[in-house]
Protein chains: 2
Amino acid sequence: MTLDRAEPAARWQRIAQALREDITAGRLAPGTQLPNETQLAARFDVHRHTLRQAVRQLAHEGHLRVLQGRGTFVRELVLDYALQRRTRLTENLAHAGERATRELLSHEQVVTGPWPRALQLRAGEAAALLHTRASVRGRPIGLSLSAYPQALLPGMAEAFAATGSVTAALRALGVQDYQRARSTVSCRLPTADEADLLARSHQEPVLVVQYLSHDGQGRVIEAARTLFASDAVQLSVEHG
Amino acid sequence: MTLDRAEPAARWQRIAQALREDITAGRLAPGTQLPNETQLAARFDVHRHTLRQAVRQLAHEGHLRVLQGRGTFVRELVLDYALQRRTRLTENLAHAGERATRELLSHEQVVTGPWPRALQLRAGEAAALLHTRASVRGRPIGLSLSAYPQALLPGMAEAFAATGSVTAALRALGVQDYQRARSTVSCRLPTADEADLLARSHQEPVLVVQYLSHDGQGRVIEAARTLFASDAVQLSVEHG
(Lines give C-alpha, C1' and ligand atoms only; values in the text may rest on other atoms or scores of the structure.)
Protein backbone atom coordinates (compact mmCIF):
# COMPACT_ATOMS: atom_id res chain seq x y z
CA MET A 1 0.00 0.00 0.00
CA THR A 2 1.15 3.48 -0.84
CA LEU A 3 -0.97 5.20 1.76
CA ASP A 4 0.71 6.92 4.64
CA ARG A 5 0.02 9.49 7.27
CA ALA A 6 2.79 11.90 6.34
CA GLU A 7 2.25 15.61 5.97
CA PRO A 8 0.88 16.74 2.59
CA ALA A 9 3.48 16.99 -0.15
CA ALA A 10 5.94 14.66 1.49
CA ARG A 11 9.14 14.10 -0.41
CA TRP A 12 7.90 10.92 -2.10
CA GLN A 13 4.84 12.80 -3.29
CA ARG A 14 6.97 15.48 -4.90
CA ILE A 15 8.97 12.79 -6.69
CA ALA A 16 5.76 11.09 -7.79
CA GLN A 17 4.50 14.42 -9.09
CA ALA A 18 7.70 15.03 -11.07
CA LEU A 19 7.56 11.56 -12.64
CA ARG A 20 3.83 11.90 -13.29
CA GLU A 21 4.43 15.12 -15.19
CA ASP A 22 7.21 13.53 -17.20
CA ILE A 23 4.88 10.70 -18.15
CA THR A 24 1.77 12.69 -18.95
CA ALA A 25 3.80 15.22 -20.96
CA GLY A 26 5.35 12.36 -22.93
CA ARG A 27 8.90 13.14 -21.78
CA LEU A 28 8.91 9.57 -20.52
CA ALA A 29 7.45 7.69 -23.48
CA PRO A 30 5.03 4.77 -23.16
CA GLY A 31 6.92 1.51 -22.78
CA THR A 32 10.12 3.15 -21.53
CA GLN A 33 11.92 1.22 -18.84
CA LEU A 34 12.83 3.37 -15.85
CA PRO A 35 16.38 3.34 -14.54
CA ASN A 36 16.75 0.99 -11.59
CA GLU A 37 15.86 2.11 -8.07
CA THR A 38 19.39 2.94 -7.07
CA GLN A 39 19.92 5.16 -10.11
CA LEU A 40 16.56 6.88 -9.77
CA ALA A 41 17.07 7.44 -6.04
CA ALA A 42 20.42 9.02 -6.84
CA ARG A 43 18.84 11.23 -9.49
CA PHE A 44 16.30 12.57 -6.98
CA ASP A 45 18.83 12.52 -4.14
CA VAL A 46 16.61 10.49 -1.84
CA HIS A 47 16.69 7.20 -0.04
CA ARG A 48 15.55 4.16 -2.05
CA HIS A 49 12.64 3.70 0.33
CA THR A 50 11.34 7.16 -0.55
CA LEU A 51 11.77 6.50 -4.27
CA ARG A 52 9.94 3.24 -3.90
CA GLN A 53 6.95 4.99 -2.34
CA ALA A 54 6.72 7.29 -5.35
CA VAL A 55 6.95 4.37 -7.78
CA ARG A 56 4.26 2.45 -5.91
CA GLN A 57 1.99 5.45 -6.02
CA LEU A 58 2.43 5.80 -9.79
CA ALA A 59 1.91 2.07 -10.26
CA HIS A 60 -1.29 2.39 -8.23
CA GLU A 61 -2.44 5.21 -10.51
CA GLY A 62 -1.63 3.13 -13.57
CA HIS A 63 1.19 5.33 -14.86
CA LEU A 64 3.86 2.72 -14.21
CA ARG A 65 3.89 -1.05 -14.40
CA VAL A 66 6.20 -2.99 -12.13
CA LEU A 67 6.97 -6.35 -13.72
CA GLN A 68 8.50 -8.81 -11.28
CA GLY A 69 12.12 -9.44 -12.15
CA ARG A 70 11.97 -7.33 -15.30
CA GLY A 71 11.85 -3.76 -14.07
CA THR A 72 9.54 -0.77 -14.02
CA PHE A 73 8.00 0.57 -17.22
CA VAL A 74 5.96 3.56 -18.25
CA ARG A 75 2.53 2.17 -18.95
CA GLU A 76 2.10 1.80 -22.65
CA LEU A 77 -1.31 2.81 -23.72
CA VAL A 78 -4.29 2.75 -21.54
CA LEU A 79 -7.22 3.00 -23.83
CA ASP A 80 -10.53 3.38 -22.19
CA TYR A 81 -12.92 1.06 -23.96
CA ALA A 82 -16.53 1.90 -23.09
CA LEU A 83 -18.87 -1.06 -22.87
CA GLN A 84 -22.23 0.25 -23.95
CA ARG A 85 -25.27 -0.46 -26.04
CA ARG A 86 -23.57 0.85 -29.16
CA THR A 87 -20.02 -0.24 -28.66
CA ARG A 88 -17.80 0.43 -31.65
CA LEU A 89 -14.12 -0.29 -31.38
CA THR A 90 -13.05 2.39 -33.81
CA GLU A 91 -15.25 5.10 -32.29
CA ASN A 92 -14.15 4.18 -28.81
CA LEU A 93 -10.53 4.62 -29.71
CA ALA A 94 -11.16 7.77 -31.70
CA HIS A 95 -12.68 9.14 -28.49
CA ALA A 96 -9.35 8.40 -26.78
CA GLY A 97 -7.55 10.26 -29.56
CA GLU A 98 -6.27 7.05 -31.10
CA ARG A 99 -6.83 5.53 -34.49
CA ALA A 100 -7.30 1.78 -34.56
CA THR A 101 -6.63 -0.38 -37.56
CA ARG A 102 -8.28 -3.76 -37.84
CA GLU A 103 -7.05 -6.55 -40.02
CA LEU A 104 -8.59 -9.86 -41.01
CA LEU A 105 -6.27 -12.67 -39.93
CA SER A 106 -8.38 -15.55 -41.25
CA HIS A 107 -11.95 -16.60 -41.80
CA GLU A 108 -13.86 -19.83 -42.13
CA GLN A 109 -17.36 -21.21 -42.28
CA VAL A 110 -18.54 -23.36 -39.40
CA VAL A 111 -21.77 -25.31 -39.03
CA THR A 112 -21.29 -26.89 -35.59
CA GLY A 113 -19.87 -25.85 -32.26
CA PRO A 114 -20.44 -22.82 -30.05
CA TRP A 115 -20.64 -20.11 -32.71
CA PRO A 116 -23.64 -21.31 -34.71
CA ARG A 117 -25.30 -22.04 -31.36
CA ALA A 118 -24.59 -18.53 -30.07
CA LEU A 119 -26.09 -17.12 -33.28
CA GLN A 120 -29.17 -19.30 -32.74
CA LEU A 121 -28.77 -20.85 -36.20
CA ARG A 122 -30.78 -23.87 -37.22
CA ALA A 123 -28.99 -27.19 -37.71
CA GLY A 124 -26.88 -27.10 -40.84
CA GLU A 125 -26.86 -23.31 -41.18
CA ALA A 126 -23.39 -21.87 -41.48
CA ALA A 127 -21.71 -19.08 -39.53
CA ALA A 128 -18.95 -17.00 -41.05
CA LEU A 129 -16.22 -16.82 -38.41
CA LEU A 130 -13.77 -13.92 -38.69
CA HIS A 131 -10.52 -13.79 -36.79
CA THR A 132 -9.36 -10.19 -36.61
CA ARG A 133 -6.71 -8.11 -34.89
CA ALA A 134 -6.91 -4.49 -33.79
CA SER A 135 -3.80 -2.33 -33.47
CA VAL A 136 -3.09 1.19 -32.33
CA ARG A 137 0.09 2.97 -33.45
CA GLY A 138 1.13 -0.32 -35.01
CA ARG A 139 0.88 -2.15 -31.70
CA PRO A 140 -1.64 -5.01 -31.37
CA ILE A 141 -4.19 -4.36 -28.64
CA GLY A 142 -6.98 -6.85 -29.33
CA LEU A 143 -7.93 -10.10 -31.02
CA SER A 144 -11.48 -10.92 -31.95
CA LEU A 145 -13.34 -13.99 -33.07
CA SER A 146 -16.67 -12.85 -34.44
CA ALA A 147 -19.36 -14.96 -36.03
CA TYR A 148 -22.11 -13.84 -38.42
CA PRO A 149 -25.02 -15.77 -39.95
CA GLN A 150 -23.83 -16.69 -43.41
CA ALA A 151 -27.26 -16.80 -45.03
CA LEU A 152 -28.26 -13.38 -43.68
CA LEU A 153 -24.92 -11.68 -44.27
CA PRO A 154 -23.12 -13.32 -47.19
CA GLY A 155 -19.74 -11.78 -47.93
CA MET A 156 -19.05 -10.52 -44.41
CA ALA A 157 -15.38 -11.55 -44.53
CA GLU A 158 -14.85 -9.79 -47.85
CA ALA A 159 -16.71 -6.68 -46.67
CA PHE A 160 -14.62 -6.57 -43.50
CA ALA A 161 -11.38 -7.07 -45.44
CA ALA A 162 -12.36 -4.20 -47.73
CA THR A 163 -13.26 -1.75 -44.95
CA GLY A 164 -11.33 -2.82 -41.86
CA SER A 165 -14.45 -2.17 -39.81
CA VAL A 166 -17.31 -4.35 -38.60
CA THR A 167 -19.67 -1.38 -38.63
CA ALA A 168 -18.78 -0.47 -42.21
CA ALA A 169 -18.96 -4.08 -43.36
CA LEU A 170 -22.39 -4.58 -41.78
CA ARG A 171 -23.60 -1.34 -43.34
CA ALA A 172 -22.38 -2.51 -46.74
CA LEU A 173 -24.47 -5.63 -46.21
CA GLY A 174 -27.58 -3.67 -45.31
CA VAL A 175 -27.39 -3.55 -41.50
CA GLN A 176 -27.70 0.14 -40.69
CA ASP A 177 -27.65 -0.24 -36.95
CA TYR A 178 -26.93 -2.91 -34.39
CA GLN A 179 -26.78 -3.04 -30.64
CA ARG A 180 -25.21 -5.11 -27.94
CA ALA A 181 -27.56 -6.83 -25.58
CA ARG A 182 -25.12 -7.90 -22.90
CA SER A 183 -21.40 -8.22 -22.39
CA THR A 184 -19.59 -10.57 -20.06
CA VAL A 185 -16.05 -9.87 -18.96
CA SER A 186 -13.50 -12.27 -17.62
CA CYS A 187 -9.74 -12.59 -17.73
CA ARG A 188 -7.13 -15.28 -18.19
CA LEU A 189 -3.62 -15.81 -19.45
CA PRO A 190 -3.38 -15.98 -23.24
CA THR A 191 -2.51 -19.13 -25.10
CA ALA A 192 0.88 -19.18 -26.82
CA ASP A 193 -0.78 -18.34 -30.16
CA GLU A 194 -2.78 -15.49 -28.70
CA ALA A 195 0.29 -14.06 -26.97
CA ASP A 196 2.19 -14.21 -30.27
CA LEU A 197 -0.57 -12.42 -32.14
CA LEU A 198 -0.71 -9.75 -29.44
CA ALA A 199 3.10 -9.47 -29.46
CA ARG A 200 3.16 -9.93 -25.71
CA SER A 201 4.37 -12.36 -23.10
CA HIS A 202 2.09 -15.28 -22.28
CA GLN A 203 2.43 -14.12 -18.66
CA GLU A 204 0.45 -10.95 -19.34
CA PRO A 205 -3.24 -11.60 -18.81
CA VAL A 206 -5.92 -10.63 -21.29
CA LEU A 207 -9.39 -9.26 -20.69
CA VAL A 208 -11.99 -11.44 -22.40
CA VAL A 209 -15.19 -9.72 -23.50
CA GLN A 210 -18.00 -11.84 -24.95
CA TYR A 211 -21.09 -10.32 -26.44
CA LEU A 212 -24.01 -10.69 -28.78
CA SER A 213 -25.32 -7.99 -31.12
CA HIS A 214 -28.84 -7.62 -32.49
CA ASP A 215 -30.05 -5.78 -35.53
CA GLY A 216 -33.10 -3.50 -35.58
CA GLN A 217 -35.40 -6.52 -35.92
CA GLY A 218 -33.98 -8.19 -32.84
CA ARG A 219 -32.12 -10.83 -34.83
CA VAL A 220 -28.77 -12.00 -33.48
CA ILE A 221 -26.36 -10.86 -36.16
CA GLU A 222 -23.07 -11.17 -34.31
CA ALA A 223 -21.60 -13.38 -31.60
CA ALA A 224 -18.11 -12.42 -30.64
CA ARG A 225 -15.28 -12.69 -28.20
CA THR A 226 -12.55 -10.08 -28.00
CA LEU A 227 -9.31 -10.44 -26.08
CA PHE A 228 -7.72 -7.17 -25.00
CA ALA A 229 -4.10 -6.84 -23.94
CA SER A 230 -4.45 -5.74 -20.31
CA ASP A 231 -1.51 -3.35 -20.45
CA ALA A 232 -3.21 -1.43 -23.24
CA VAL A 233 -6.93 -1.46 -22.61
CA GLN A 234 -9.24 -0.97 -19.69
CA LEU A 235 -12.98 -1.28 -19.90
CA SER A 236 -15.36 1.31 -18.56
CA VAL A 237 -19.02 1.09 -17.76
CA GLU A 238 -21.18 4.15 -17.22
CA HIS A 239 -24.08 3.40 -14.91
CA GLY A 240 -25.77 6.56 -15.89
CA MET B 1 -10.10 -23.78 -32.04
CA THR B 2 -12.80 -26.28 -31.32
CA LEU B 3 -14.80 -25.55 -34.43
CA ASP B 4 -15.06 -28.14 -37.13
CA ARG B 5 -17.18 -29.10 -40.08
CA ALA B 6 -18.13 -32.59 -38.92
CA GLU B 7 -21.65 -33.91 -39.03
CA PRO B 8 -23.86 -32.91 -36.12
CA ALA B 9 -23.32 -35.00 -32.99
CA ALA B 10 -19.87 -36.20 -33.91
CA ARG B 11 -18.25 -38.50 -31.41
CA TRP B 12 -16.35 -35.70 -29.66
CA GLN B 13 -19.61 -33.80 -29.28
CA ARG B 14 -21.28 -36.75 -27.59
CA ILE B 15 -18.34 -36.99 -25.18
CA ALA B 16 -18.54 -33.26 -24.54
CA GLN B 17 -22.24 -33.61 -23.86
CA ALA B 18 -21.68 -36.46 -21.39
CA LEU B 19 -19.01 -34.49 -19.51
CA ARG B 20 -21.14 -31.33 -19.62
CA GLU B 21 -24.01 -33.17 -18.00
CA ASP B 22 -21.73 -34.61 -15.33
CA ILE B 23 -20.51 -31.10 -14.55
CA THR B 24 -23.81 -29.26 -14.58
CA ALA B 25 -25.44 -32.00 -12.50
CA GLY B 26 -22.62 -31.76 -9.97
CA ARG B 27 -21.47 -35.36 -10.51
CA LEU B 28 -18.12 -33.81 -11.37
CA ALA B 29 -17.70 -31.30 -8.55
CA PRO B 30 -16.20 -27.83 -8.99
CA GLY B 31 -12.43 -27.93 -8.66
CA THR B 32 -12.18 -31.65 -9.44
CA GLN B 33 -9.17 -32.61 -11.53
CA LEU B 34 -10.08 -34.77 -14.50
CA PRO B 35 -8.20 -38.01 -15.10
CA ASN B 36 -5.45 -37.56 -17.66
CA GLU B 37 -6.18 -37.73 -21.38
CA THR B 38 -5.11 -41.33 -21.76
CA GLN B 39 -7.36 -42.49 -18.94
CA LEU B 40 -10.33 -40.42 -20.10
CA ALA B 41 -9.89 -41.56 -23.69
CA ALA B 42 -9.89 -45.16 -22.45
CA ARG B 43 -13.04 -44.54 -20.40
CA PHE B 44 -14.88 -43.24 -23.48
CA ASP B 45 -13.17 -45.75 -25.74
CA VAL B 46 -11.99 -43.11 -28.19
CA HIS B 47 -8.75 -41.80 -29.60
CA ARG B 48 -6.99 -39.13 -27.53
CA HIS B 49 -7.47 -36.67 -30.35
CA THR B 50 -11.24 -37.08 -30.10
CA LEU B 51 -11.17 -36.71 -26.34
CA ARG B 52 -9.07 -33.57 -26.69
CA GLN B 53 -11.66 -32.00 -28.97
CA ALA B 54 -14.33 -32.55 -26.34
CA VAL B 55 -12.14 -31.07 -23.61
CA ARG B 56 -11.35 -28.02 -25.74
CA GLN B 57 -15.02 -27.47 -26.36
CA LEU B 58 -15.82 -27.59 -22.65
CA ALA B 59 -12.90 -25.29 -21.89
CA HIS B 60 -14.26 -22.88 -24.50
CA GLU B 61 -17.65 -22.99 -22.80
CA GLY B 62 -16.04 -22.34 -19.43
CA HIS B 63 -16.91 -25.69 -17.88
CA LEU B 64 -13.30 -26.84 -17.74
CA ARG B 65 -10.04 -25.05 -17.13
CA VAL B 66 -6.87 -26.37 -18.71
CA LEU B 67 -3.89 -25.25 -16.63
CA GLN B 68 -0.61 -25.70 -18.47
CA GLY B 69 1.45 -28.42 -16.86
CA ARG B 70 -1.07 -28.96 -14.05
CA GLY B 71 -4.00 -30.68 -15.66
CA THR B 72 -7.64 -30.13 -16.47
CA PHE B 73 -10.09 -29.08 -13.79
CA VAL B 74 -13.81 -28.62 -13.48
CA ARG B 75 -14.31 -24.89 -13.27
CA GLU B 76 -14.89 -23.94 -9.69
CA LEU B 77 -17.53 -21.36 -9.41
CA VAL B 78 -18.45 -18.93 -12.06
CA LEU B 79 -20.43 -16.26 -10.36
CA ASP B 80 -21.97 -13.73 -12.58
CA TYR B 81 -21.36 -10.33 -11.04
CA ALA B 82 -23.58 -7.69 -12.61
CA LEU B 83 -22.01 -4.24 -12.95
CA GLN B 84 -24.88 -1.83 -12.63
CA ARG B 85 -26.02 1.39 -11.05
CA ARG B 86 -26.96 -0.37 -7.83
CA THR B 87 -24.30 -3.01 -7.58
CA ARG B 88 -24.42 -4.96 -4.32
CA LEU B 89 -22.05 -7.85 -3.86
CA THR B 90 -24.36 -9.78 -1.57
CA GLU B 91 -27.44 -9.30 -3.76
CA ASN B 92 -25.51 -10.21 -6.86
CA LEU B 93 -24.42 -13.49 -5.39
CA ALA B 94 -27.81 -14.22 -3.89
CA HIS B 95 -29.12 -13.90 -7.43
CA ALA B 96 -26.67 -16.63 -8.44
CA GLY B 97 -27.97 -18.79 -5.61
CA GLU B 98 -24.87 -18.21 -3.52
CA ARG B 99 -24.42 -16.65 -0.13
CA ALA B 100 -21.37 -14.46 0.25
CA THR B 101 -19.73 -13.70 3.55
CA ARG B 102 -17.58 -10.62 3.89
CA GLU B 103 -14.99 -10.14 6.56
CA LEU B 104 -12.99 -7.11 7.61
CA LEU B 105 -9.29 -7.90 7.27
CA SER B 106 -7.99 -4.55 8.51
CA HIS B 107 -8.81 -0.87 8.54
CA GLU B 108 -6.91 2.38 8.89
CA GLN B 109 -7.32 6.11 8.56
CA VAL B 110 -5.45 7.85 5.77
CA VAL B 111 -5.15 11.55 5.05
CA THR B 112 -2.92 11.53 1.95
CA GLY B 113 -2.57 9.45 -1.18
CA PRO B 114 -5.07 8.28 -3.76
CA TRP B 115 -8.00 7.42 -1.51
CA PRO B 116 -8.70 10.85 0.04
CA ARG B 117 -8.21 12.29 -3.45
CA ALA B 118 -10.70 9.85 -4.99
CA LEU B 119 -13.21 10.84 -2.27
CA GLN B 120 -12.59 14.51 -3.11
CA LEU B 121 -11.71 15.25 0.51
CA ARG B 122 -10.16 18.57 1.49
CA ALA B 123 -6.55 18.63 2.67
CA GLY B 124 -6.24 17.08 6.10
CA GLU B 125 -9.59 15.29 6.00
CA ALA B 126 -9.33 11.59 6.75
CA ALA B 127 -10.63 8.61 4.84
CA ALA B 128 -11.48 5.35 6.58
CA LEU B 129 -9.92 2.60 4.47
CA LEU B 130 -11.38 -0.90 4.87
CA HIS B 131 -9.67 -3.99 3.58
CA THR B 132 -12.25 -6.74 3.20
CA ARG B 133 -12.55 -10.22 1.76
CA ALA B 134 -15.59 -11.90 0.26
CA SER B 135 -16.00 -15.66 0.25
CA VAL B 136 -18.54 -18.09 -1.11
CA ARG B 137 -18.86 -21.60 0.36
CA GLY B 138 -15.81 -20.77 2.44
CA ARG B 139 -13.70 -20.04 -0.66
CA PRO B 140 -12.29 -16.50 -1.11
CA ILE B 141 -13.53 -14.88 -4.29
CA GLY B 142 -12.74 -11.19 -3.85
CA LEU B 143 -10.66 -8.63 -2.01
CA SER B 144 -11.73 -5.03 -1.66
CA LEU B 145 -10.10 -1.83 -0.55
CA SER B 146 -12.86 0.69 0.07
CA ALA B 147 -12.52 4.21 1.38
CA TYR B 148 -15.18 6.33 3.09
CA PRO B 149 -15.11 9.95 4.28
CA GLN B 150 -14.38 9.71 8.00
CA ALA B 151 -16.16 12.94 8.97
CA LEU B 152 -19.34 12.05 7.10
CA LEU B 153 -19.40 8.37 8.07
CA PRO B 154 -17.69 7.90 11.43
CA GLY B 155 -17.62 4.29 12.58
CA MET B 156 -17.79 2.72 9.12
CA ALA B 157 -15.24 0.00 10.01
CA GLU B 158 -17.15 -0.95 13.16
CA ALA B 159 -20.48 -0.91 11.33
CA PHE B 160 -19.05 -3.13 8.60
CA ALA B 161 -17.49 -5.50 11.13
CA ALA B 162 -20.86 -5.79 12.88
CA THR B 163 -22.89 -6.44 9.73
CA GLY B 164 -20.51 -7.95 7.17
CA SER B 165 -22.13 -5.75 4.54
CA VAL B 166 -21.31 -2.35 3.08
CA THR B 167 -24.97 -1.69 2.35
CA ALA B 168 -26.02 -2.53 5.92
CA ALA B 169 -23.15 -0.51 7.40
CA LEU B 170 -24.00 2.53 5.30
CA ARG B 171 -27.64 2.20 6.24
CA ALA B 172 -26.70 2.07 9.92
CA LEU B 173 -24.83 5.33 9.37
CA GLY B 174 -27.77 7.02 7.71
CA VAL B 175 -27.10 6.37 4.01
CA GLN B 176 -30.33 4.80 2.77
CA ASP B 177 -29.27 4.55 -0.85
CA TYR B 178 -26.16 4.90 -2.93
CA GLN B 179 -25.29 4.43 -6.55
CA ARG B 180 -22.29 3.76 -8.69
CA ALA B 181 -21.41 6.39 -11.24
CA ARG B 182 -18.90 4.47 -13.31
CA SER B 183 -16.83 1.33 -13.09
CA THR B 184 -13.55 0.61 -14.78
CA VAL B 185 -12.35 -2.94 -15.30
CA SER B 186 -8.84 -4.15 -15.89
CA CYS B 187 -6.89 -7.29 -15.06
CA ARG B 188 -3.45 -8.25 -13.84
CA LEU B 189 -1.62 -10.93 -11.92
CA PRO B 190 -2.05 -10.64 -8.17
CA THR B 191 0.76 -9.71 -5.83
CA ALA B 192 2.02 -12.47 -3.53
CA ASP B 193 -0.06 -11.06 -0.67
CA GLU B 194 -3.19 -10.82 -2.77
CA ALA B 195 -2.73 -14.37 -4.05
CA ASP B 196 -2.33 -15.60 -0.46
CA LEU B 197 -5.49 -13.84 0.67
CA LEU B 198 -7.40 -15.27 -2.29
CA ALA B 199 -5.91 -18.73 -1.62
CA ARG B 200 -4.79 -18.97 -5.23
CA SER B 201 -1.67 -19.15 -7.30
CA HIS B 202 0.01 -15.85 -8.18
CA GLN B 203 -0.19 -17.10 -11.79
CA GLU B 204 -3.97 -16.81 -11.83
CA PRO B 205 -5.00 -13.33 -12.95
CA VAL B 206 -7.51 -11.18 -11.11
CA LEU B 207 -10.16 -8.86 -12.47
CA VAL B 208 -9.76 -5.36 -11.03
CA VAL B 209 -12.92 -3.26 -10.72
CA GLN B 210 -12.60 0.35 -9.58
CA TYR B 211 -15.59 2.50 -8.84
CA LEU B 212 -17.04 5.48 -7.02
CA SER B 213 -20.39 5.58 -5.26
CA HIS B 214 -22.55 8.63 -4.61
CA ASP B 215 -25.28 9.13 -2.05
CA GLY B 216 -28.66 10.70 -2.80
CA GLN B 217 -27.13 14.19 -2.55
CA GLY B 218 -24.47 13.41 -5.14
CA ARG B 219 -21.69 13.27 -2.56
CA VAL B 220 -18.90 10.75 -3.15
CA ILE B 221 -19.28 8.38 -0.21
CA GLU B 222 -17.19 5.46 -1.39
CA ALA B 223 -14.11 4.94 -3.54
CA ALA B 224 -13.19 1.32 -3.96
CA ARG B 225 -11.22 -1.28 -5.81
CA THR B 226 -12.23 -4.92 -5.81
CA LEU B 227 -10.08 -7.79 -7.06
CA PHE B 228 -12.01 -10.84 -8.18
CA ALA B 229 -10.47 -14.28 -8.61
CA SER B 230 -10.93 -14.89 -12.33
CA ASP B 231 -11.71 -18.58 -11.92
CA ALA B 232 -14.66 -17.71 -9.71
CA VAL B 233 -16.20 -14.51 -11.00
CA GLN B 234 -17.13 -13.04 -14.33
CA LEU B 235 -18.62 -9.60 -14.76
CA SER B 236 -21.71 -8.91 -16.78
CA VAL B 237 -23.04 -5.68 -18.21
CA GLU B 238 -26.60 -5.33 -19.45
CA HIS B 239 -26.83 -2.70 -22.15
CA GLY B 240 -30.62 -2.59 -22.10
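Helices are runs of at least four residues assigned by DSSP and numbered from the N terminus. In the predicted model described here, A:Leu197 belongs to one such run, helix H8 of chain A, which spans residues 192-198. Because its relative accessibility is 26%, A:Leu197 counts as partly exposed, a class that lies between buried, under 20%, and exposed, over 50%. Leaving aside residues up to four places away in sequence, A:Leu197 touches A:Leu105, A:His131, A:Arg133, A:Pro140 and A:Leu143. A separation of 9.0 Å is found between the C-alpha atoms of A:Leu197 and A:Gly142, although 55 residues separate the two along the chain.

At the level of the whole chain, the domain assignment divides chain A into domain 1, residues 11-74, and domain 2, residues 79-236. The C-alpha centres of these two domains of chain A are 35 Å apart.

In chain B, helix H2 (residues 37-44) and helix H3 (residues 48-61) have axes that come within 9 Å of each other and cross at roughly 100°. H2(B) is therefore roughly perpendicular to H3(B). The contact between these helices involves B:Glu37, B:Thr38, B:Leu40, B:Ala41 and B:Phe44 on the side of H2(B), which meet B:Arg48, B:Leu51 and B:Arg52 of H3(B).

Strand S8 of chain B, residues 206-215, pairs with two other strands of chain B, S7 and S9. Strand S7 (residues 178-188) runs antiparallel to S8(B), and ten bridges join the two. Within this pairing, B:Val185 has B:Val209 of S8(B) as its bridge partner. Strand S9 (residues 220-229) is also antiparallel to S8(B), with nine bridges between them; here B:Val206 is partnered by B:Ala229 of S9(B). S8(B) and S9(B) form a hairpin in which four residues lie between the strands, and B:Gly218 in the turn has a positive phi of about 80°. Seven of the ten residues of S8(B) are buried, so this strand is largely enclosed by the rest of the structure.

The relation between the two chains was then examined. Chain A is superposed on chain B by a rotation of 180° with a shift of 0.1 Å along the axis, giving an RMSD of 0.1 Å. The two copies are thus related as by a two-fold rotation axis. Of the interface residues of chain A, 98% are also interface residues in chain B, so the copies meet through the same surface.

Definitions and conventions:
Residues are numbered from 1 along each chain as its sequence is written. Chains are lettered from A and ligands numbered from 1 in the order in which they are written. This is a predicted model: local features need pLDDT of at least 70, side-chain atom pairs count only at pLDDT 80 or more; totals for chains, interfaces and linings use all residues. Side-chain values use heavy atoms; hydrogens and water are left out. Buried means under 20% relative accessible area, exposed over 50%, partly exposed in between (1.4 Å probe, protein chains only). Two strands pair if DSSP finds at least two bridges between them. Copies are superposed by least squares on the C-alpha atoms of residues with pLDDT of at least 70 in both. Contact means heavy atoms within 4.5 Å. Domain bounds come from an automatic or database domain assignment. Axes are lines fitted to C-alpha atoms, for helices over the stretch in contact, and angles run from 0 to 180 degrees between N-to-C directions. Angles under 35 degrees count as roughly parallel, over 145 as roughly antiparallel, 65 to 115 as roughly perpendicular and the rest as oblique.
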